[in-house]
Amino acid sequence: MTFNMNMTAIVMQRQLHSYFATPIAYVFILMFLVLSGVFSFYLGHFYEKGQADLSAFFNFHPWLYLFFMPAIAMGLWAPERQMGTIELLMTLPIGQTNAVIGKFLAAWVFAGLALVLTFPMWLTVAYLGDPDNGVIAAGYIGSWLMAGSFLAIGSCMSVCSKNQIVAFIFTVVVCFIFMVSGVPMVLDSFAWAPQSMIDFIAGLSFLTRFDAIARGVLDLRDITYFFAMMALWLYFTQVMLQRNKAK
Amino acid sequence: MIRVQNLTKRFDQFTAVNNLSFDVSPGEVLGFLGPNGAGKSTTMKMITGFIEPSDGMVSVCDINVSQNPQAVQAIMGYLPEGAPAYGEMTVMAFLEFIAKVRGLTGDDRQQRLAKVIEQVELEPVLDKPIDTLSKGFARRVGLAQAIIHDPKVLILDEPTDGLDPNQKHQVRELIKGLAKDKIVIISTHILEEVSAVCSRALIISEGKLLLDGKPDELERQSRHHNAICLQLADEHTDVQQQLGAIAHIESVECVAELEDRTFMLFPQDGQMLLPEVVRWLDDKQWAVENIHLEKGRLDDVFRQVTRAQTV
């Protein structure tokens, strides 16, 4: 059960390799780039705002991720169970922890790659104005951390089902719950509850956390929140793996 | 040494493996025999640490599998049922992945890969994705994967399933070659395989151990053991009754597909009949086309034991 960097790296490499074995990965990244562009220009009014920042771009990331991240994560475990390769993977001397982390890292790196490829947005805003690059960098880091939290939830859902589509849907649902917990409409329905509880529910939301980051405020508490989400859901992934073993 | 003690696996109401105990020592090739669903694969999955037993324990080279699965898996090679592999990878990329996980590095890795590729003859398909391979090649990739690190313990679930007779022969030779000072467990429902490669066989049915012995010991329990198959050159009347009168003959059966001239003579308590029968035929002056002694048939024993279980 101990963490071994070498094993984790081997698992990650293999998983990345399988992502890029088919053209789906390229289509996926292309879709992500096009949609993130469409969202920022048409829905976010990137030009009309006349501000030299990327808030129009980052504000839509939680909604984009709601569908893109489950799609990346659904293939982490469900197909292994479907094809029976999980029996191979789990009887190699890899260790569950290393397998869980290695697979997750592959998905996270893949998401990071898609995110890095949105750099023309940065170039555009730098060409048009004089943006605060620190704020933009913070936005990218925050966005990537949020992607990791989505993927960790997806990893856990993927281990629960043999069917990728089921894994996808459950991931969307759980991620959605974690998003809307910060929306005023949801929080208003808790008006009867003490303020501390409302704060706690709002604090669980990706939206609340990401808002601050997108505005360029990299608070240590928000960073801790995203890392804690990843750790928690990866731990659940391992618990589910262990349960499958003892079932 | 593998030690299996009171191993039990229950899935909800169903007991797949029921209080199974046995030991295997280095140098032994143990064959798991049993009908489909007998618990062979489930037992292997517990030995390799893929699933947890409900009860009992398995230790391999004195390491408890439940407590330290990784240490056991490091000295073990395993071919799971159906030889699963990552279909999108090429054979070479897949074997390199396994070699890395097995901790093989540098020249050592290259040498082991070359050796294994030669042993199971994968040269022609190295650059092909595993998904595109025939069943025979896919199975051999699974075998290569299991033996790449020259493991002390080899667990093979139906290693020759889907292979043609030549490939079967080749894989059996390979297993026999590997078996020296190793522990090998194979599961099969091909009975000839047991006589061909195994030094010991376990017959399992409904999760219980029914018989444990060397293949020839098992054969001896067959009603065909020391039976005589006799093919006469000419037809005679009442042959069956006449043959039945010879001393120590329990019963005589006509082997239908070979007309009315071929008979199986079953002895009482496995006694040697041949001298008696030859003398008798000599007296009668009957011409014989073919006569041979049966060693015993494993499938007899298999059916006898496993049927008795279900009835």
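Predicted model: local features only at pLDDT ≥ 70, side-chain atom pairs only at ≥ 80, totals over all residues.

How many residues of chain B are in contact with chain A? Select both chains and you'll find 18 residues of chain B in contact with 18 of chain A, contact being C-beta atoms, placed from the backbone, within 7 Å. Residues are numbered from 1 along each chain as its sequence is written, while chains are lettered from A and ligands numbered from 1 in the order in which they are written.

Stay on the side of chain B that touches chain A and pick out helix H2 (69-74) and helix H3 (91-101), the elements that give two or more residues to it. Helices here are DSSP runs of H or I with at least four residues, strands are runs of E with at least two, and numbering starts from the N terminus.

Next, colour the open sheet of chain B: four strands in the order S2-S1-S4-S5, with antiparallel pairing (a pair needs at least two DSSP bridges). Strands S2 (14-24) and S5 (63-64) are the edges, each pairing on one side only.

Show B:Val4 and you'll see B:Val58 of S4 opposite.

Last stop: zoom out and select domain 1 (2-220) and domain 2 (228-294) of chain B, bounds that come from an automatic or database domain assignment. Their centres, taken over C-alpha atoms, are 44 Å apart.

Key. Contact = placed C-beta atoms within 7 Å.
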